[in-house]
Amino acid sequence: MTAPERPASTAPQEFTATISYTYRGEPFVATRTFTLTQKLPAVTSLSTFAGGGAAMEFGELDGSYSMTGYSGDTMGLFGIDQDSYGTIYQEAAAGTTSTVTVRVTAYDQVVRSSKAGIVLRNDLTQAGAGRGYVSLMVQSEGVTLFNDSDGDGKIDEFYPLRSGPTTGPLWLRLTRDGGSVKGSYSVDGVTWTGLAQTLTLNNPTASLDAGMIYVTDTGTTPTSRKGTASFDSFSVE
């Protein structure tokens, strides 16, 4: 039987079983692939939150993290008035000079606007209200910086790269310097490409919550389509 080395997410895992046998002197090989739902253990090293109508299951194993569920969007533009997401985060971790890094190992692009990455906020449990709110996520338009510049609790600025990686595995990094934040990404965790924009935080506290974020943008009802995002190598320095 061939199986993943360890469950990497809260999504169902695929297994392949191969049986070799001999019948009346003739060799036979039978191979079957099947799916087994095996959830990761609950997150214990960090905090978790699903807000704005989102519903997520969270898992953690040996430095890997996963979120499975559904959410709306985090946008306050184009007639959208939502701030809906799942997050695994460290409270008050990002001081005035800090660097937050994570690797998005994979994420389900359930719709074109599904996205996963890292986030900073005064209080990540204050969906739709918390200030000091920026994120860096990978989506179909490439790596994108998001900012709540007016402090109303929803994203009103976004800067898609429109080139480069659109899927994982991908390293993402937010670097805070006082009230300013810059973003960068890397395909190998060694060579980094910086985004041109410098974001200005709206009324940030001295120490911001910092964490991983997943947005499916599929809705906020129990019948909404679900997705899974997986992460590792999360750090705040």
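Before anything else I wrote down what a strand pair is: two strands pair if DSSP finds at least two bridges between them. Strands (E, at least two residues) and helices (H or I, at least four) are DSSP runs, numbered from the N terminus.

My model is predicted, so I noted its limits: local features need pLDDT of at least 70, side-chain atom pairs count only at pLDDT 80 or more, and totals for chains, interfaces and linings use all residues. Residues are numbered from 1 along each chain as its sequence is written, and side-chain values use heavy atoms, with hydrogens and water left out.

**Entry: S12 and S13.** I found strand S12 (residues 170-177) running antiparallel to S13, with 7 bridges joining them. Arg173 has Ser184 in S13 as its bridge partner. The two strands form a hairpin with 2 residues between them, and Gly178 in the turn has a positive phi of about 65°.

**Entry: S13 and S14.** Next I followed S13 to strand S14 (residues 193-200), which pairs with S13 in the antiparallel sense over 5 bridges. Here Lys182 stands opposite Thr198 in S14. This hairpin, formed by S13 and S14, has 6 residues between its strands, and Gly189 in the turn has a positive phi of about 80°.

**Entry: burial.** Why is strand S13 (residues 180-186) largely enclosed by the rest of the structure? I counted 5 of its 7 residues as buried, so the rest of the structure largely encloses S13. Buried means under 20% relative accessible area, exposed over 50%, and partly exposed in between (1.4 Å probe, protein chains only).
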